[in-house]
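Please read the following alongside the sequence and the coordinates.

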Amino acid sequence: MNLKAIAEARVTDLGENILKHLQGLGEFTNFTFRTLFWTFKPPFRFRLLFDQIYFMGNKSIFIIFLTSIFTGAVFAFQIYLGFKAINADSFIGPIVTIALAKELAPVLSGLVVAGRCGAAMAAQIGSMKVTEQIDALEVMGINSYQYLAVPRILGATLAMPLLSAIFLLIGYWGSWLIGVKVIQIDEILYTQKISDFMRLGMVAEGLIKATVFGYLIGIIGTYHGFTVTGGAEGVGRGTNMAVVWGMITVLVVDFFLTSFLARIL
Amino acid sequence: MTGKYAVEFRNVSKNFGDSVILRDLNFGIQRGKITTILGFSGAGKTTLMKHILGLVMPTSGDVIVLDQTVNHLGELALREFRTNFGMVFQYAALFDFLSSFENVAFPLREFTKLSEEEIRSKVMSLLDSVGILPEAAKRLPSELSGGMRKRVGLARGLALDPHIMLYDEPTSGLDPITTHTVYDLMRDTQRRNEHRGFTSIIISHDIHATLKYSDYIVFMEKGRVVEHLDVENFKKSENPVIRRFLEL
C-alpha cells in the first residue's frame, strides 16, 4: 500500500469516527427531547416515580452514610495536619463544611449514584430491550420512554439533592467527631467558626448541583439502556458506558456549574 | 369494521437504506381466520408484522388495519389503535419484575377502570383459560417453564379483548408436545372469539403445525409474497420454493 492510500484510509477512518460520534450526539439529544416531551404528557405514573425515588434514595443511604462519614473524617484530619503548623486548626470546621456543602456532597453523591443507580438503570432497561419487553410495552400502546425513562430520570433528579443533603449532614458529623472528639478542638469554637463562614447560598449551590447531576445521571443511564444492542454482552457494554459517562459528566459539569453558580450565588 | 379483510397491504414497499425488505405487497388477511405468514429467515415476516402494528412505516403504499390506514395515524392515535392487538412474542416477553398474575393484570390496570376485584376475577379466568393453575399465578416469569411463559403471554395478549392476535414464532424453543399444546390453545382462542371477527396472525417457519392449524397461508420470500392460499390449495402448490418447504 502506498503512502497516499494509507493517508486516505486514515482520513476516511477519522471522518467515519466523527460522523459516528455526531450521530450518537444527535440520538442522545433526540432522546433527551423525547423524554422531556413525555414527562409532561398524561398519564402521570406517580407510583413508578415513588418506587424509583425509594430505590435510588432509600437504598443508597447506607453507601452514602459510609462514604460521607469517612470523607468528613479524613478531610478534617488532613486539614488538621496541614493547619496545625500555623495554629489554624480551629478552621477545620468551616473548611470541611464549606467543601462538603459546595463540592464534596454533590460530587461524591453523584459518583455513588452514577455507579449504583446509573448502572442499574442501564442494566434493567437494556435487559428489557434484548428480551423484547420494551416491544411488548409499545405493542400494548404504552410509550416506553414515558413508562421506563421518565420515572427514573425524575426519580434521580429528586433523590440526588436529598442524598446530597444527607451526605452533608453525615460528613459534617464525621468531621465533628475528628475535630471535637479526637483532636479536641473546643466544641463551641468549632461550631462558632462554621456559623461565621457558612452562608445559605453555599448549601443552595450544592443542592442545585446535585439536582442537575441527578437529571444527567438519569438521562445517561436510561439512554444507555435504550440503546443496548445484542444480548447479554450488549447489556454489559451499556451498563459500563452508563457508569463511565455518568461519572465523567458529573465531574465535567461540576466545573461549569461552579463557574456559573459562583457568579449568581 | 365490516370489511372482508382485517389487514390489507396496498402496494407496500419498505427499504432500510439500500436494502429492500418488502417489495410491492398487495394482499389482504381474512377477518375471523387464522393466517400464517410463512417463509425462510430474512424473508421479511417480522418487518411485515411491525407494519401491521404501526411500529414501522412503509416507504411507499398503505397498510390498512381494521379499516384504518395505519401509516396515516399520528403517534398518539397509533398508541390508542394498538389496543386492538394482542401479541405473543417469540420468548413471551413477560415483564420479569412482575408475577404471572401482574403480567396479565398489567394492560387492565393501564387501560381500564376496572376495580381490583374485577381485575382479579378477569385475570384468574384468563389464566384458567390458558391452563395456568392459580398457584402459578404468583410466580415470576423466571420460575416458569417456556411453555407456561407462552401461555401467560397469551393470557396477557387476550386481556383487553383484542380484535387481532399476533403470534411471533410462538413455539420456537419448545418441545413437540408443548408446541402442539400451544397451537391447540391458539386454535381454541380463535374459535372462542371467532363470532366477533377475531383474527389470528402467526409468524412461523414451522410448516407442519402451520398446515394443521391455519386457515390461510401467506408464503414470503425475499420480501415478496410468493403465494397466498388456503391450506388445501397451498398443499397442492406447484411453486418450487413451496414444494421445497413442504418436503422438509
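**Helix packing and surroundings**

Helix 8 of chain A and helix 9 of chain A are roughly antiparallel to each other, where roughly antiparallel means an angle over 145 degrees, roughly parallel one under 35, roughly perpendicular one of 65 to 115, and oblique the rest. Helices here are DSSP runs of H or I with at least four residues, strands are runs of E with at least two, and both are numbered from the N terminus. The model is a predicted one, in which local features need pLDDT of at least 70 and side-chain atom pairs count only at pLDDT 80 or more, while totals for chains, interfaces and linings use all residues. Residues are numbered from 1 along each chain as its sequence is written, and chains are lettered from A and ligands numbered from 1 in the order in which they are written.

Two packed helices are described by the angle between their axes and the distance between the axes. For helix 8 (residues 200-226) of chain A and helix 9 of chain A, the axes cross at roughly 150° and come within 9 Å. Axes are lines fitted to C-alpha atoms, for helices over the stretch in contact, and angles run from 0 to 180 degrees between N-to-C directions. Helix 8 of chain A passes helix 9 of chain A in a right-handed crossing; a crossing is right-handed if the near helix is turned clockwise from the far one by less than a right angle, and left-handed if anticlockwise. Helix 8 of chain A contributes residues including A:Leu216, A:Ile217 and A:Ile220 to the contact, and helix 9 of chain A contributes, among them, A:Trp245, A:Thr249 and A:Val253. Two residues are in contact if their C-beta atoms, placed from the backbone, lie within 7 Å. The residues of this contact between helix 8 and helix 9 of chain A divide into 13 nonpolar, six polar and three charged. Here Ala, Val, Leu, Ile, Met, Phe, Trp, Tyr, Cys and Pro count as nonpolar, Asp, Glu, Lys and Arg as charged, and the others, Gly among them, as polar.

A:Thr249 gives a local view of helix 9 (residues 232-264) of chain A. Leaving aside its neighbours within four places in sequence, A:Thr249 is in contact with A:Leu216 and A:Ile220.

A second pair in chain A is helix 3 (residues 61-83) and helix 6 (residues 144-182), which pack at an angle of about 40° with their axes 7 Å apart. That angle makes helix 3 of chain A oblique to helix 6 of chain A. Helix 3 of chain A passes helix 6 of chain A in a right-handed crossing. Residues including A:Phe65, A:Gly72 and A:Phe75 in helix 3 of chain A meet residues including A:Phe167, A:Gly171 and A:Gly174 in helix 6 of chain A. The contact of helix 3 with helix 6 of chain A has 17 nonpolar, seven polar and no charged residues.

Taken as a whole, chain A has nine helices and zero strands. The C-alpha trace of chain A spans about 70 × 60 × 35 Å along its principal axes. Of the 265 residues in chain A, 44% are buried. Among contacts in chain A with a separation of 6 or more, 89% join residues 24 or more positions apart. Towards the other chain, eleven residues of chain A are in contact with 14 residues of chain B. The side of chain A that touches chain B has four nonpolar, four polar and three charged residues.

In chain B, the axes of helix 3 (residues 100-111) and helix 4 (residues 116-129) come within 9 Å and cross at roughly 125°. Helix 3 of chain B and helix 4 of chain B are therefore oblique to each other, and their crossing is right-handed. B:Val104 and B:Leu108 are among the residues of helix 3 of chain B in this contact, and B:Val123 and B:Leu126 among those of helix 4 of chain B.

B:Val104 also belongs to the largest nonpolar core, where B:Val104, B:Ala155 and B:Leu166 touch the most other members of the 133 residues. A nonpolar core is a set of buried Ala, Val, Leu, Ile, Met, Phe, Trp, Tyr and Cys residues joined through C-beta atoms within 7 Å. Not counting residues up to four places away in sequence, B:Val104 touches residues including B:Leu127, B:Val152 and B:Ala159.

Terms used:
A residue is buried if 20 or more other C-beta atoms lie within 10 Å of its own, exposed if 12 or fewer, and partly exposed in between; C-beta atoms are placed from the backbone.
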